[in-house]
Amino acid sequence: MTWRGSVSIPDRIFGIIVYCFAIYDTLFFGSFLLQQFPAFGFFCFPALPIELSYGLIASLLGPLGSFASFAVFIILFAAVVRNEKISHFIRYNTMQSILISISLALARIVMQYVLIPALGHSGLLIETFYSLIFLGGLIASYYSMFQSTLGRYAEIPTISEAAYSRIR
């Protein structure tokens with residue numbers, strides 16, 4: 001989907017950086033897999049600066065610090081996605097990253113309030129769901145980061161269509 005023209009190096013870099021927020025959101029689901037296979041921690045490395053900054057914000061603001069992820073979402077949506085002065089490539093990748101994060105947040109809600117009360121806090125099925133969501137979030141984020149590096153629009157079914165429809 002590079003019909004919008006060539007993509008500059010700064011646009012590619014910012015297109016990569018926004019997916020670090022989606023990787024950060026996948027960390028919640030990685031607990032079981034990271035305990036069994038610590039080598040997967042390498043794939044979570046791009047989320048480390050975000051985790052450290054959120055930890056700093058949480059310690060400074062107390063209970064309000066837990067809303068840091070939501071605040072970043074609002075800022076990215078208002079300042080980047082809705083700003084037509086920013087290139088289409090950056091706005092598209094930012095919106096796609098936001099949609100991946102929203103998908104992960106919805107999966108988290110379903111897991112916490114539907115499946116865990118129905119199936120219990122531990123067990124093979126819950127661990128499998130957590131691991132699948134974790135791997136799916138990582139794969140979607142890294143695929144999108146790779147495509148951004150090449151200057152291409154990442155095509156993820158349904159999410160890309162929704163991202164493109166939200167960009168003017």
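The largest nonpolar core of this predicted model holds 37 residues, of which F29, M95, I100, I126, Y130 and F134 touch the most other members. A nonpolar core is here a set of buried Ala, Val, Leu, Ile, Met, Phe, Trp, Tyr and Cys residues joined through side-chain atoms within 4.5 Å. Buried denotes under 20% relative accessible area, exposed over 50%, and partly exposed the range in between (1.4 Å probe, protein chains only). At least two residues of this core come from each of α2 (19-26), α3 (31-36), α5 (68-81), α6 (88-119), α7 (124-149) and α8 (159-166). Helix α6 gives the most, with 11 residues.

The model is predicted, so that local features need pLDDT of at least 70 and side-chain atom pairs count only at pLDDT 80 or more, whereas totals for chains, interfaces and linings use all residues. Residues are numbered from 1 along each chain as its sequence is written, and side-chain values use heavy atoms, with hydrogens and water left out.

**Overall composition**

The protein chain has eight helices and zero strands. Helices (H or I, at least four residues) and strands (E, at least two) are DSSP runs, numbered from the N terminus. Of the 168 residues in the protein chain, 38% are buried. Among contacts in the protein chain with a separation of 6 or more, 74% link residues 24 or more positions apart; contact means heavy atoms within 4.5 Å.

**Annotated segments**

The unreviewed UniProt entry places the feature "transmembrane region" at residues 12-34, 54-77, 98-116 and 128-146. UniProt positions are given in the numbering used here, feature names are shortened, and annotations may be inferred rather than shown by experiment. In the model, residues 12-34 are 78% helix and 0% strand, with the end C-alpha atoms 30 Å apart. Residues 98-116 are 100% helix and 0% strand, and there the end C-alpha atoms are 25 Å apart.

The buried residues are Y19, C20, A22, I23, D25 and T26. Axes are lines fitted to C-alpha atoms, for helices over the stretch in contact, and angles run from 0 to 180 degrees between N-to-C directions.

| Helix pair | Axes come within | Crossing angle |
|---|---|---|
| α2 and α6 | 8 Å | roughly 10° |
| α2 and α7 | 9 Å | roughly 170° |

Angles under 35 degrees count as roughly parallel, over 145 as roughly antiparallel, 65 to 115 as roughly perpendicular and the rest as oblique. Helix α2 is therefore roughly parallel to α6, whereas α2 and α7 are roughly antiparallel to each other.

Toward α7, helix α2 uses Y19, C20, A22, I23 and T26, which meet F134, G137, L138, S141, Y142, S144, M145 and S148. These residues divide into eight nonpolar, five polar and no charged. For these classes, Ala, Val, Leu, Ile, Met, Phe, Trp, Tyr, Cys and Pro count as nonpolar, Asp, Glu, Lys and Arg as charged, and the others, Gly among them, as polar.

The contact of α2 with α6 is made by Y19, F21, A22, D25 and T26 of α2 and N93, Q96, S97, I100, S101 and L104 of α6. By class, this contact has five nonpolar, five polar and one charged residues.

**Individual residues**

I100 is in contact with Y19, A22, A140, S141, S144, I156 and I159, leaving aside neighbours within four places in sequence. Not counting residues up to four places away in sequence, S141 touches Y19, A22, I23 and I100.

C44 lies in the loop between α3 and α4 (48-61) and counts as buried at 9% relative accessibility. Beyond residues up to four places away in sequence, C44 touches I23, L27, L34, F134 and Y142. The C-alpha atoms of C44 and G30, 14 residues apart along the chain, are separated by 9.2 Å.

T158, in the loop between α7 and α8, counts as exposed at 58% relative accessibility. T158 is not a glycine, yet has a positive phi of about 70°.
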